Amino acid sequence: MERIKSLASQLTGHSGLAALERKSPDDVVITLAIRSPLCKARKGGFKDARSDELLTEIFKAVVARSGIDPVLIQDICVGNVLTPGPTFEARAAALAAGIPETTPIQVVNRFCSSGLMAVTTISNQIRAGQLEVGLAVGSESMSAHPDQGSPPLSEEIMAHGSAKDCIQPMGWTSENVAEDFNVSREDMDALAALSFQRAEAAQKSGVFASEIVPFTVPRVDPKTGVKEKVVVDQDDGIRHGTTKETLAKLKGAFPQWGGGKTTGGNASQITDGASAVLMMTRRKAEELGLKVLAKHVTTAVAGVAPRVMGIGPTFAIPSALKNAGITIADVDLFEINEAFASMYVYCVRELGLDLEKVNVNGGARQIATGLNALERRNGKVLVTSMCIGTGMGAAAVFVRD
């Protein structure tokens, strides 16, 4: 009967925080959440690494740190956007890293939310009884595979108002958000500076050490062309000493659109990196004697006008909270992507979020960083969210054990 009540409360979306904190053998739990350093594409620590090399490293880290025989992993889902033929790389990298031939793999692409979609796919398979143990991975090398945008689309699509907006530059969508919703350059720079300052403080105090796994990757000497192996163990895109005053001096990156408020300082860098989340039923985790970090409760996705794709979290977050039966007041921490400061300012303002709960270590690295921060603050509920190119948003709810 308790199982029926639990299912009913999940379906009705009115379970409340107390219900979410209850533990069930059927919970979909996370026993490992790790990430690589996040490095500047074409300039940072992974600039000479291939995309398959990043994948191989994250799979090796899972094998080394998971505490389980990798033969127990029944399926892998990799979130990836830009790699051509990504299933070839994902399958081969998994095998090269020591994951057995008996473990299959799949790849999912919902642009900026692809990593979260991988987590959601594995979670749903476990929840449906198809798996006991699964692995979700996100990986991207924008050094190896720069974003080339959309291929040419048909005349019919290009004649349609919102359809043609799907292939417009992301900078244009940022300026649209700033103009349509009256987001000022000052507010954008202030929040971007705060993000850098928080990330700098977290890095200097060693906060990220428990979530980052060092990667051994090739590096080419620019003078000699000699390739050597190096260990990368730090994020290299955090700009120490950033203030809103220094950001205010930067010129707009897209003066041809809107007010030209988006700059290289208040928009996200292009990045190389990878992450992994090992998931299983609570029953299986207890059987294996593994520490449970958190459980995945729900994921929600939403569609918005492509021209203001950055506002996606303002629709996805309320939907996820409704699915979980909780409110914004129940959430201890939010990890919201900062594609552009325009969308970040708008989402925080529109949802009425307390900045002391949002991207507390700079933003945003999502699950691994969010769960780390949640544990340090002895919090219970984490919400991760991001806007998605072409006009979408996604959000997920996690509850720490």
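Trainee: Where does Ala-364 lie?

Mentor: This is a predicted model, and in it Ala-364 lies in the loop between α12 and α13, the latter covering residues 367-376.

Trainee: And what kind of peptide bond joins Gly-363 and Ala-364?

Mentor: The bond that joins Gly-363 and Ala-364 is a cis peptide bond, and its omega is about -20°.

Trainee: What about Gln-366, what is its phi?

Mentor: Gln-366 has a positive phi of about 70°, although it is not a glycine, and Gln-366 is also found in the loop between α12 and α13.

Trainee: Is Gln-366 buried or exposed?

Mentor: Gln-366 counts as buried, because its relative accessibility is 13% and the cut-off for buried is under 20%.

Trainee: Then which loop holds Thr-390?

Mentor: Thr-390 sits in the loop between β11 (381-388) and β12 (392-400). Thr-390 is not a glycine either, yet its phi is positive, at about 80°, and with a relative accessible area of 25% Thr-390 is partly exposed.

Trainee: Moving into α13, how accessible is Thr-369?

Mentor: Thr-369, which lies in helix α13, has a relative accessibility of 0% and therefore counts as buried.

Trainee: Which residues is Thr-369 in contact with, leaving aside its neighbours within four places in sequence?

Mentor: With those neighbours left aside, Thr-369 is in contact with Arg-35, Phe-208, Glu-211, Glu-335 and Asn-361.

Trainee: Change of topic, helix packing. At what angle do α8 and α12 pack?

Mentor: Helix α8 (residues 185-204) and helix α12 (residues 341-351) pack at an angle of about 90°, and their axes are 9 Å apart. The two helices, α8 and α12, are therefore roughly perpendicular to each other.

Trainee: Which residues meet there, between α8 and α12?

Mentor: On the α8 side there are Asp-187, Met-188 and Leu-191, and these meet Ala-341, Ser-342, Tyr-344 and Val-345 in α12. Sorted by class, the contact of α8 with α12 has five nonpolar residues, one polar and one charged.

Trainee: How many of the residues of helix α7 are buried?

Mentor: In helix α7 (residues 170-180), eight of the 11 residues are buried, so α7 is largely enclosed by the rest of the structure. The buried residues in α7 are Gly-171, Trp-172, Thr-173, Ser-174, Glu-175, Asn-176, Val-177 and Ala-178.

Trainee: What covers the buried residues of α7?

Mentor: The cover over the buried residues of α7 includes α8 and α12, the pair that pack at an angle of about 90°.

Trainee: And what happens to phi just after α7?

Mentor: Just after α7 comes Asn-182, which takes a positive phi of about 55°.

Trainee: Now the cavities. How many are there of 30 Å³ or more?

Mentor: The count comes to three cavities of 30 Å³ or more, and the largest cavity has a volume of about 50 Å³.

Trainee: Which residues line the largest cavity?

Mentor: The largest cavity is lined by Ser-51, Leu-55, Val-78, Asn-80, Thr-83, Pro-86, Glu-89, Ala-90, Val-107 and Ser-139. Helices α3 (51-65) and α4 (86-96) each supply at least two residues of that lining, and the largest share, three residues, comes from α4. By class, the lining of the largest cavity has five nonpolar, four polar and one charged residues.

Trainee: What about the second largest cavity, how much space lies in it?

Mentor: About 40 Å³ of space lies in the second largest cavity. The residues that line the second largest cavity are Leu-20, Glu-21, Arg-22, Lys-23, Arg-282, Lys-295, Lys-380, Val-399, Arg-400 and Asp-401, and the elements that give two or more residues to this lining are α2 (16-21) and β12.

Trainee: Last one, where is Ala-305 found?

Mentor: Ala-305 is found in the loop between β9 (294-303) and α11 (313-324), and Ala-305 is partly exposed, with a relative accessible area of 38%. From C-alpha to C-alpha, Ala-305 and Ala-49 are 36 Å apart in space, and they are 256 residues apart in sequence.

Definitions and conventions
Residues numbered from 1 in each chain as written. Predicted model: local features only at pLDDT ≥ 70, side-chain atom pairs only at ≥ 80, totals over all residues. Heavy atoms only, no water. Axes fitted to C-alpha atoms, helices over the stretch in contact; angles between N-to-C directions. Helix = DSSP H or I, 4+ residues; strand = E, 2+ residues; numbered from the N terminus. Parallel < 35°, antiparallel > 145°, perpendicular 65-115°, else oblique. Contact = heavy atoms within 4.5 Å. Nonpolar A, V, L, I, M, F, W, Y, C, P; charged D, E, K, R; others polar. Buried < 20%, exposed > 50% of the residue type's maximum accessible area, 1.4 Å probe, protein only. 1 Å grid on protein atoms, 1.4 Å probe; cavity = no way out; pocket = protein on both sides within 12 Å on 5 of 7 lines; lining within 4 Å. Points joined across faces, edges and corners; volume = space filled by probe spheres on them.
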